[in-house]
Amino acid sequence: MAITFDQVSKTFYLDGKNITYAFFINEWNYAEHLYFGKTIGHDDLRFIRSMGGLSALAVIPGEIRPRDTWWRMDSYHVFPSELTFYGSGDYRESAVLAEDIQGVRVSELLYVSHEILPEKPAICGMPSMKGGETLVVHLQDKYNGFGCDLYYTVYEDADVVARRAVYRNNGAEPLTLRRAYSFAFSLMDQEYDCITLHGTWARERRIDKTPMHHGVFSIDSKRTTSSAVLNPFLALARKGATEEHGDVYGVSLVYSSSFVLKAEGVNDGRTLITGGINDFDFSWKLEPGTCLETPEAVLAYSNEGVGGMSRCYHDAYRRYLINDRFADQPRPLVINNWEGTYFKFNTEKLKALADGVAGTGIDTFVLDDGWFGVRNDEYSGLGDWFVNTQKLEGGLKDIIDHVHGLGMRFGLWFEPEMVSEDSDLFRAHPDWAIGAPGRPRCRTRLQFMLDLTRKEVRDYIVDAINKVLRENEIDYVKWDYNRNVTESWSVGREPERQAEFAHRYALGVYDLCERIVNANPHIFFEGCAGGGARFDPAMLAYFPQIWTSDDTDAEERTKIQYGTSLVYPLSSMSCHVSAVPNHQTKRITDLKTRTEIAHLGPTGYELDSSTFTDADREEIRNSVQAFRSIEALLYQGDLYRTENPMEGNYFGLMVVSKDKKQGVLTAYRRTLIANEDPAVLKVRGLAPEKKYYVPELELTLQGSTLMGVGLPAKFKPADFQTLVFHFLAQD
Ligand code: DGJ
């Protein structure tokens, strides 16, 4: 049993593989947090309760504190919380704020009952982790019919707790939610650093570390997408915790719209963590008998440092989030025409690109942007999902047949959520583009966003794209998304419901994914967002891999892939080998370096392959073979980050199989430094007692030796060089 309830102490114990999460229903029927961390016994934990934050303490509404009992725990403000609410004496960050028709914004959500379900019910209209025993705790405000169900799911083979809240109107009058977060929980001190992933286009998911302080540390997105600017992820690492050691707590939101995550240093010395849908520009009307489901927050804990937390997420997402038909399976190895041709192509050119890689082991040809409508640059055509026969004279069929004839699969690019100003679709339905009445719209690439909150708009997109997929033999789709919402407003929606837009847009995206991605299970879908601007767990539920960044420069990629790996498994990071000078940075790196860095995820090529010589093809054939030989290890093994490229001249990622029989280390040195002290590369994750053959050294060494001594960093004497070591257990 992963979930147990002690009737006497009214404590819930949720046990994962190596973790316990515990809370109890206190004497005021409040869900009070007790513990989250390494596995512990099911003892009565109430002995650790203590009073803090006594300044101007508000006693629970209606209670009279007896004289001389100032230590009595009778204020919501002092309880480590499972869900903070507003207006009843708790001054911490509220997880929820509900307003009734009289404008009253006071809540008291208290325990009524609970149930333990053998399997987690899916969230209506939103992706979430699968399976897992689930606790549902029903809370109710007795004054206005406002209710909340707290969901907790744990897995016997994973170190995560999946949490969400469902807000219900069980009363007779409408309620308006001004804030509706997914969860709250408390850590008992404030000795933490907040770790987040920030970025921008072509510089996605760099690591930030901010010391926890009094007041609120907060990250968010207001873009109606998760964004490259801040990923929906927050970790609290105990001071002094490193990549390999120490307590680290993670929160990862399965959500693709405007979010917020907060860690509050409270006056009681504790840290309150909460978040979910961003309440900036948000409200949600709850009619009687309706509910709002919030996105799932996946909490992780490891005492093996930041690396341990990452392995918790990788295991959990590979097993319970990513489509299990693909999660750890070999991926299409693509040639994509984007950087090879941009918009300048015709059928002959595309055929030449495909011919250029035939027989190398590259097995999928992906036709990127520009095949449809009148789309000769980025300023027109989006939304017109019919083939441009001026460019592709034989239609899609001709090029698809050619690619299939070479024994390769065929992939096609779409940007389903968009419409160009210069398109038949926009001319026919200008009101389908998101915009506010009487105001001009912001342009990005002269394109607007379609209003996915409207069913008729979604129906059009689904029909148009499914028609192309039905009428052509398409094996692979790249789903792009190149701008963010600006003027969020929807035709036909009542004014008091306009601030529901950002969440309704997310529900619209998920509906499209259900009706296009899940309705075409024979097609492999890759996610993309102007590079990696929508790299989040919700998208991973539909797209087993996501284009990590438009920046394919090997040097830049070491940082992007390192940061991304904090939460996301290598199998989710799509990586391409591109031409030099690199199109984003103009940097020149060796093909070997570009290839070995790209081989740290589902790999592909993106360059003009029509000019390849036999020697180029031979080199690619060998590298494809090398990649295929480690692919299963990369997707199924445990990741150890051995050198941080943001902190030094080196980058290192090592993957070790679960049975410890195999490992691979990819290391990289940025610049050659004259007369540099010889460096040693760290080796991690091997079984200390096993002996490993390292072909690159032609040596067999014990795991403990390799991990204790490391490996010589004998890079070629030049800038931007890689070394790859394999470890093969001999017993
Ligand atoms: C942005 C993507 O990240 C690129 O790979 C490419 O597909 C372009 N969009 C096409 O417009």
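In this tour, a helix is a DSSP run (H or I) of at least four residues and a strand is a run (E) of at least two, and both are numbered from the N terminus. The structure on display is a predicted model.

**Stop 1: two residues with positive phi**

Please select Phe 720, which sits in the loop between β37 (711-712) and β38 (721-729). Its phi is near 55°, a positive value in a residue other than glycine. Is Phe 720 buried or exposed? With a relative accessible area of 14%, Phe 720 is buried, since the term applies under 20%.

Next, select Ala 202, in the loop that runs between β11 (192-198) and β12. Here too the residue is not glycine and phi is positive, near 65°. Ala 202 has a relative accessibility of 10% and therefore counts as buried.

**Stop 2: a cis peptide bond**

Move to the loop between β29 (573-578) and α10 (591-598), where Pro 581 is found. Display the backbone from Val 580 to Pro 581: this peptide bond is cis, with omega near -10°.

**Stop 3: helix α9**

Select helix α9, residues 554-564. How many of the residues of α9 are buried? The count is 11 of the 11, so the helix is largely enclosed by the rest of the structure. Among the buried residues are Ala 554, Arg 557, Ile 560, Tyr 562 and Thr 564.

Now show the side chains of Lys 559 and Glu 555, which form a salt bridge with their closest N and O atoms 2.9 Å apart. The two residues are 4 places apart in α9, about one turn of the helix. Both Lys 559 and Glu 555 are buried.

An α-helix has 3.6 residues a turn, so residues three or four places apart point the same way.

**Stop 4**

Because they are 4 residues apart in helix α6 (residues 455-471), about one helical turn separates them. Asp 459 is partly exposed, at a relative accessible area of 21%. Lys 455 also counts as partly exposed, at 48% relative accessibility.

**Stop 5**

Side chains of opposite charge can pair when their charged atoms come close. In this model the count comes to 63 salt bridges. To view one of them, select Arg 319 and Asp 157, whose closest N and O atoms are 3.3 Å apart. Arg 319 belongs to helix α1 (residues 305-320) and Asp 157 to the loop between β8 (146-154) and β9 (160-169), so this pair ties together parts that are 162 residues apart in sequence. Arg 319 is partly exposed, with a relative accessible area of 35%, and Asp 157 is partly exposed as well, with 28%.

Some residues join in a network of salt bridges: select Lys 285, Glu 287, Glu 494, Glu 496, Arg 497, Glu 500 and Arg 504 together to view it.

**Stop 4: the largest pocket**

Select Trp 201, Asn 482, Gly 530, Gly 531 and Asp 550, which lie nearest the centre of the largest pocket among its 30 lining residues. The volume of this pocket is about 520 Å³. Which classes of residue make up its lining? There are 12 nonpolar, 7 polar and 11 charged residues.

**Stop 5: the second largest pocket**

The second largest pocket has a volume of about 430 Å³. Of its 18 lining residues, select Lys 209, Glu 243, Tyr 562, Asn 644 and Glu 647, the closest to its centre. Then colour β12 (206-211) and β31 (638-643), each of which supplies at least two residues of the lining. The largest share, 3 residues, comes from β31. By class, the lining holds 8 nonpolar, 3 polar and 7 charged residues.

**Stop 6**

Phe 47 is located in the loop between β4 (31-38) and β5 (96-99). Its relative accessibility is 65%, so Phe 47 counts as exposed, a term that applies over 50%.

Notes: Residues are numbered from 1 along each chain as its sequence is written. This is a predicted model: local features need pLDDT of at least 70, side-chain atom pairs count only at pLDDT 80 or more; totals for chains, interfaces and linings use all residues. Side-chain values use heavy atoms; hydrogens and water are left out. Buried means under 20% relative accessible area, exposed over 50%, partly exposed in between (1.4 Å probe, protein chains only). On a 1 Å grid over the protein atoms alone, a cavity is a set of points where a 1.4 Å probe fits but cannot get out, and a pocket is an open set with protein on both sides within 12 Å along at least five of seven lines; lining residues have an atom within 4 Å of a point. Grid points are joined across faces, edges and corners, and a volume is the space filled by probe spheres set on the points. Ala, Val, Leu, Ile, Met, Phe, Trp, Tyr, Cys and Pro count as nonpolar, Asp, Glu, Lys and Arg as charged, and the others, Gly among them, as polar. A salt bridge is a side-chain nitrogen of Lys or Arg within 4 Å of a carboxyl oxygen of Asp or Glu.
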